[in-house]
Amino acid sequence: MSAMLQPQIILLKEGTDTSQGKAQLVSNINACTAVADVVRTTLGPRGMDKLIHDDKGSVTISNDGATIMKLLDIVHPAAKILVDIAKSQDSEVGDGTTTVVLLAAEFLKEAKPFIEDGVHSQNLIRSYRAASTLAIQKIKELAISIEGKSLEEKKSLLAKCAATTLSSKLIGGEKEFFASMVVDSVIAIGNDDRLNMIGIKKVPGGTMRDSFLVNGVAFKKTFSYAGFEQQPKKFLNPKILLLNIELELKSEKENAEIRLSDPSQYQSIVDAEWNIIYDKLDKCVSSGAKVVLSRLAIGDLATQYFADRDIFCAGRVTEEDLKRVAAATGGTVQTSVNNVIDEVLGTCEVFEEKQVGNERFNLFSGCPSGQTATIVLRGGADQFIEEAERSLHDAIMIVRRALKNSTVVAGGGAIDMEISRYLRQHARTIAGKSQLFINSYAKALEVIPRQLCDNAGFDATDVLNKLRQKHALPSGEGAPYGVDIATGGIADSFANFVWEPAVVKINAINAATEAACLILSVDETVKNPKSESAQGDAAASAMGGRGRGGGFRGRGRGMRR
């Protein structure tokens with residue numbers, strides 16, 4: 001009787017959506033699997049591309065995991081974690097973004113039957129963390145160092161790492177051509193960590209083979225005034241003056257007022273304005289500089305003045321390009337032309353203006369500090385060049401990482417199979433449930449070679465059985481064997497130069513395990529109705545009716561399959 005008299009407790013606002021327990025966890029796992037299915041087919045050298053059309057009508061063609069994840073605009077809260085790990089992998093090491101999403105989803109998929117059977121998720125998390133620590137130790141043991149090699153050897157080793165990354169991209173057909181270009185540009189900037197010291201300029205037209213590397217700075221010819229064509233377009237060892245001031249006749253600031261008692265004084269004011277600009281130009285010329293670049297406008301008067309004195313000038317140079325010119329030539333950007341001393345002028349071996357496609361480019365090559373390089377990309381369609389730029393960004397990041405942490409591991413799914421074998425063996429030494437969990441973690445790692453086969457159209461089961469047999473050899477000679485994309489069999493990835501920096505794999509396994517553990521540790525989701533109704537009201541008022549509010553609410557849950 002007393003149970004019937006208990007008052008009802010209203011704890012949360014009406015309309016709050018709470019879901020908890022096992023069903024909630026399984027639904028989160030399903031959402032993550034659905035996200036991974038989107039990027040699954042982009043993995044590896046035979047991966048497909050995605051064409052993404054956004055609301056502004058711009059089209060992106062890409063098979064870079066992080067780019068796709070960013071553009072998908074995912075609303076499911078648990079699936080957003082996968083987007084975050086793809087982004088962090090991209091900013092940390094540059095490549096392996098698809099790998100990290102696939103691994104995280106596969107770990108969750110392997111955990112799902114255990115969760116459904118009533119295993120506590122903390123037990124799974126504990127085993128997964130232990131397995132990831134063991135996996136990372138094993139990678140470090142298997143990694144091979146490229147330290148202590150001569151520069152030439154190092155270059156060829158780094159080019160192989162870059163080629164492995166590029167083989168899965170749109171420009172994979174020309175990977176050797178671009179790999180050496182990427183390595184040269186990374187070595188050119190030396191120990192400088194700033195990625196923006198490598199410029200990538202895109203010029204539509206021509207073929208990919210027309211792309212070239214400038215050992216210095218290249219930028220598109222800026223807006224120019226009359227007189228520009230009379231300026232010389234090539235100098236040897238010029239002095240370069242970098243400015244951040246306007247070189248044109250400037251009217252006084254608004255509201256400036258001058259009262260004259262005698263009209264003849266008016267001319268003296270006009271003359272003063274002209275004298276100011278001529279004074280500035282004289283100082284530029286007397287500094288001995290042959291090339292004058294400014295971030296702000298260089299007017300028609302100044303252009304003609306410099307042309308008469310055989311000086312090249314360019315105004316409205318973007319700040320990024322100006323900084324790169326300063327770093328390369330050893331000059332300093334000046335905000336005044338007074339007292340320009342030799343120390344602030346830059347220099348380079350050759351400056352020239354050159355036609356590239358239908359654009360004119362200013363090229364500074366043979367720079368003394370050599371801390372910068374520019375890759376000029378050519379290609380047919382704009383989307384193609386955009387994707388080529390993203391691919392090169394990945395390759396540049398990989399080469400930088402390989403230079404810093406100079407250890408590499410075998411790619412092509414070889415390292416994943418080897419860790420999987422090692423964890424399976426280790427699991428047999430453990431008593432209790434965690435043996436099963438570590439075994440499932442080991443099975444999840446096989447997703448990489450399996451997906452490589454699927455994407456290339458090979459029989460994944462057949463290839464994986466061959467790989468398992470090879471990796472199980474007691475001598476350990478099978479460790480570097482991975483999927484051979486060319487023949488559909490297995491091959492020694494190391495001998496075939498399919499290499500990747502160890503840091504890529506370590507980071508991917510770390511991030512994927514963390515994400516999987518995070519999603520497994522969530523047991524309740526509370527959806528606050530206030531934010532939803534606010535969205536609904538805003539939409540309703542925009543639509544002129546209530547009909548849209550409900551539509552908004554359902555969209556967040558539409559991801560489940």
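In this predicted model, strand β7 runs antiparallel to strand β15 (residues 359–365), and 5 bridges join the pair. Within this pairing, K220 sits opposite F361 of β15. Both strands belong to an open sheet of 4 strands, arranged in the order β7-β15-β14-β8 with antiparallel pairing. The edges are taken by β7 (216–220) and β8 (234–236); each has a single partner strand, so one side of each is left without a neighbour in the sheet. On average, neighbouring strands of this sheet are turned by 25° against each other, with direction ignored. Helix α11 (residues 319–329) packs on the sheet, where it touches β7 and β15. The direction of α11 makes about 155° with that of β7.

A further antiparallel pairing, over 4 bridges, links strand β18 (residues 481–484) with strand β19 (residues 489–492). Here V483 of β18 faces I490 in β19. The two strands form a hairpin, with 4 residues between them. In the turn of this hairpin, G488 has a positive phi of about 85°.

Turning to the nonpolar side chains, the largest nonpolar core holds 76 residues. The members that touch the most others are F107, L124, L423, I509 and L520. For L124, once neighbours within four places in sequence are left aside, the contacts are A111, F114, I115, V119, F437 and L520. Another core, of 39 residues, lies apart from the largest one and includes I171, I189, I198 and I200.

How values were computed: Residues are numbered from 1 along each chain as its sequence is written. This is a predicted model: local features need pLDDT of at least 70, side-chain atom pairs count only at pLDDT 80 or more; totals for chains, interfaces and linings use all residues. Side-chain values use heavy atoms; hydrogens and water are left out. Two strands pair if DSSP finds at least two bridges between them. A nonpolar core is a set of buried Ala, Val, Leu, Ile, Met, Phe, Trp, Tyr and Cys residues joined through side-chain atoms within 4.5 Å. Buried means under 20% relative accessible area, exposed over 50%, partly exposed in between (1.4 Å probe, protein chains only). Contact means heavy atoms within 4.5 Å. Axes are lines fitted to C-alpha atoms, for helices over the stretch in contact, and angles run from 0 to 180 degrees between N-to-C directions.
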